[in-house]
Amino acid sequence: MEITHIEHIGIAVKSIEEQLPYYEGVLGLKCYNVETVEDQKVKTAFFKIGQTKIELLEPTSEESTIAKFIEKRGEGIHHIAYATKDVNEALKEVESKGVRLIDQQARGGAEGLSIAFLHPKSTGSVLTELCEHPE
Ligand code: ZN
(Lines give C-alpha, C1' and ligand atoms only; values in the text may rest on other atoms or scores of the structure.)
Protein backbone atom coordinates (compact mmCIF):
# COMPACT_ATOMS: atom_id res chain seq x y z
CA MET A 1 0.00 0.00 0.00
CA GLU A 2 1.20 3.48 -0.74
CA ILE A 3 0.02 6.24 1.56
CA THR A 4 0.40 9.62 -0.10
CA HIS A 5 -0.47 11.93 2.78
CA ILE A 6 -2.66 12.41 5.84
CA GLU A 7 -6.03 13.13 4.29
CA HIS A 8 -7.62 14.38 7.48
CA ILE A 9 -7.75 14.18 11.24
CA GLY A 10 -11.21 13.58 12.65
CA ILE A 11 -12.11 15.36 15.87
CA ALA A 12 -15.26 14.56 17.84
CA VAL A 13 -17.08 17.65 19.11
CA LYS A 14 -20.41 18.21 20.81
CA SER A 15 -21.08 21.27 18.70
CA ILE A 16 -19.34 22.44 15.53
CA GLU A 17 -20.70 25.93 16.06
CA GLU A 18 -19.13 26.17 19.51
CA GLN A 19 -15.73 25.24 18.07
CA LEU A 20 -15.75 27.76 15.19
CA PRO A 21 -14.34 30.63 17.28
CA TYR A 22 -11.27 28.49 17.94
CA TYR A 23 -10.69 27.07 14.45
CA GLU A 24 -11.60 30.24 12.57
CA GLY A 25 -10.99 33.00 15.10
CA VAL A 26 -7.83 31.67 16.76
CA LEU A 27 -6.21 29.37 14.20
CA GLY A 28 -7.40 31.47 11.27
CA LEU A 29 -8.66 28.49 9.28
CA LYS A 30 -11.70 28.75 7.05
CA CYS A 31 -14.54 26.25 7.24
CA TYR A 32 -15.16 25.52 3.55
CA ASN A 33 -17.73 22.73 3.79
CA VAL A 34 -20.36 21.50 6.22
CA GLU A 35 -21.98 18.23 5.35
CA THR A 36 -24.26 15.73 7.09
CA VAL A 37 -23.45 12.07 6.55
CA GLU A 38 -26.83 10.47 7.21
CA ASP A 39 -25.77 6.84 7.56
CA GLN A 40 -23.17 7.80 10.15
CA LYS A 41 -25.55 10.21 11.93
CA VAL A 42 -22.91 12.86 11.94
CA LYS A 43 -22.49 16.45 10.82
CA THR A 44 -19.02 17.26 9.53
CA ALA A 45 -17.18 20.56 9.07
CA PHE A 46 -13.95 20.79 7.10
CA PHE A 47 -10.91 23.05 7.28
CA LYS A 48 -7.95 22.71 4.94
CA ILE A 49 -4.28 22.99 5.85
CA GLY A 50 -2.20 22.20 2.77
CA GLN A 51 -3.32 18.80 1.51
CA THR A 52 -4.64 17.85 4.92
CA LYS A 53 -7.97 18.63 6.49
CA ILE A 54 -9.37 18.88 9.94
CA GLU A 55 -12.76 17.20 10.07
CA LEU A 56 -14.97 18.14 13.00
CA LEU A 57 -17.57 15.48 13.74
CA GLU A 58 -20.74 16.40 15.56
CA PRO A 59 -23.30 13.68 16.34
CA THR A 60 -26.80 14.27 14.95
CA SER A 61 -28.31 11.50 17.09
CA GLU A 62 -27.56 9.79 20.38
CA GLU A 63 -27.22 6.59 18.35
CA SER A 64 -24.24 8.01 16.49
CA THR A 65 -20.90 6.33 17.15
CA ILE A 66 -19.57 9.86 17.69
CA ALA A 67 -22.10 10.45 20.48
CA LYS A 68 -20.99 7.20 22.10
CA PHE A 69 -17.33 8.14 21.70
CA ILE A 70 -17.88 11.53 23.39
CA GLU A 71 -19.87 9.90 26.17
CA LYS A 72 -17.06 7.43 26.86
CA ARG A 73 -13.95 9.48 26.21
CA GLY A 74 -15.01 13.08 25.92
CA GLU A 75 -14.40 15.40 22.99
CA GLY A 76 -11.09 15.10 21.18
CA ILE A 77 -9.19 13.35 18.41
CA HIS A 78 -11.34 10.54 17.03
CA HIS A 79 -9.45 9.15 14.05
CA ILE A 80 -6.66 9.67 11.57
CA ALA A 81 -7.28 9.22 7.86
CA TYR A 82 -4.58 8.28 5.37
CA ALA A 83 -4.95 8.88 1.65
CA THR A 84 -4.16 5.94 -0.57
CA LYS A 85 -4.78 5.14 -4.24
CA ASP A 86 -7.06 2.13 -3.92
CA VAL A 87 -8.86 1.48 -0.64
CA ASN A 88 -10.14 -1.98 -1.58
CA GLU A 89 -6.64 -3.10 -2.58
CA ALA A 90 -5.23 -1.64 0.64
CA LEU A 91 -7.88 -3.47 2.71
CA LYS A 92 -6.92 -6.78 1.14
CA GLU A 93 -3.28 -6.11 1.82
CA VAL A 94 -3.65 -5.07 5.47
CA GLU A 95 -6.04 -7.95 6.15
CA SER A 96 -3.47 -10.37 4.76
CA LYS A 97 -1.07 -8.89 7.32
CA GLY A 98 -3.44 -9.78 10.15
CA VAL A 99 -5.11 -6.40 10.67
CA ARG A 100 -8.72 -6.50 11.81
CA LEU A 101 -11.07 -4.48 9.60
CA ILE A 102 -14.19 -2.56 10.56
CA ASP A 103 -15.21 -2.20 6.91
CA GLN A 104 -14.62 -5.18 4.65
CA GLN A 105 -15.09 -2.94 1.63
CA ALA A 106 -14.79 0.74 0.81
CA ARG A 107 -17.96 2.77 1.31
CA GLY A 108 -18.99 6.35 0.65
CA GLY A 109 -17.86 9.01 3.12
CA ALA A 110 -18.07 12.79 3.30
CA GLU A 111 -16.79 14.81 0.32
CA GLY A 112 -17.37 11.93 -2.11
CA LEU A 113 -14.42 9.91 -0.82
CA SER A 114 -14.28 6.12 -0.68
CA ILE A 115 -13.41 5.23 2.88
CA ALA A 116 -12.88 2.25 5.16
CA PHE A 117 -11.93 1.92 8.81
CA LEU A 118 -9.37 -0.39 10.40
CA HIS A 119 -10.04 -1.72 13.87
CA PRO A 120 -8.23 0.11 16.71
CA LYS A 121 -7.34 -3.27 18.24
CA SER A 122 -4.92 -3.74 15.32
CA THR A 123 -3.63 -0.16 15.08
CA GLY A 124 -2.32 0.66 18.53
CA SER A 125 -5.74 1.98 19.61
CA VAL A 126 -5.82 4.68 16.94
CA LEU A 127 -9.01 4.45 14.91
CA THR A 128 -7.62 4.51 11.38
CA GLU A 129 -9.39 5.40 8.16
CA LEU A 130 -8.14 4.82 4.64
CA CYS A 131 -9.51 7.11 1.94
CA GLU A 132 -9.36 7.37 -1.77
CA HIS A 133 -10.22 10.41 -3.82
CA PRO A 134 -12.47 9.85 -6.81
CA GLU A 135 -10.41 10.27 -10.00
ZN1 ZN B 1 -12.76 10.69 8.59
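A salt bridge here is a side-chain nitrogen of Lys or Arg within 4 Å of a carboxyl oxygen of Asp or Glu. Keep that in mind as you work through these exercises on a predicted model.

**Exercise 1. Salt bridges around lysine 53**

Solution: 
- Step 1. Start with lysine 53 and glutamate 7, whose side chains meet at 2.8 Å, N to O. Lysine 53 sits in strand E4 and glutamate 7 in strand E1, so this pair ties together parts 46 residues apart in sequence.
- Step 2. Now turn to glutamate 111, which also forms a salt bridge with lysine 53, with the closest N and O atoms 2.6 Å apart. Glutamate 111 belongs to the loop between E6 and strand E7 (114-118), so here the parts tied together are 58 residues apart in sequence.

**Exercise 2. Buried or exposed?**

Task: Decide whether lysine 53, glutamate 7, glutamate 111 and lysine 97 are buried, partly exposed or exposed.

Solution: 
- Step 1. The cut-offs are under 20% relative accessible area for buried and over 50% for exposed, with partly exposed in between.
- Step 2. Lysine 53 has 5% relative accessibility, so it counts as buried. Glutamate 7, at 0%, is buried as well.
- Step 3. Glutamate 111 reaches 23% and is therefore partly exposed.
- Step 4. Lysine 97, at 61%, counts as exposed. Its side chain meets that of glutamate 93 in a salt bridge of 3.0 Å, N to O, and glutamate 93 is partly exposed at 26%.

**Exercise 3. The zinc site**

Task: Name the protein donors of the zinc ion and describe the site's geometry.

Solution: 
- Step 1. Look for the donors: His8 (NE2), Glu55 (OE), His79 (NE2) and Glu129 (OE) lie 2.0 to 2.5 Å from the zinc ion.
- Step 2. Check the angles among the 4 donor atoms: they run from 77 to 176 degrees, and the site is irregular.
- Step 3. Along the chain, the donors follow the spacing H-x46-E-x23-H-x49-E. Histidine 8 in strand E1 (residues 3-12) and glutamate 55 in strand E4 (residues 52-59) link distant parts of the chain, 47 residues apart.
- Step 4. Both histidine 8 and glutamate 55 are buried.

Conventions:
Residues numbered from 1 in each chain as written. Predicted model: local features only at pLDDT ≥ 70, side-chain atom pairs only at ≥ 80, totals over all residues. Heavy atoms only, no water. Donors = N, O, S within 2.8 Å, 3.2 Å for Na, K, Ca; no water. Tetrahedral: all angles 85-135°; square planar, octahedral: opposite > 155°, others 65-115°. Helix = DSSP H or I, 4+ residues; strand = E, 2+ residues; numbered from the N terminus. Buried < 20%, exposed > 50% of the residue type's maximum accessible area, 1.4 Å probe, protein only.
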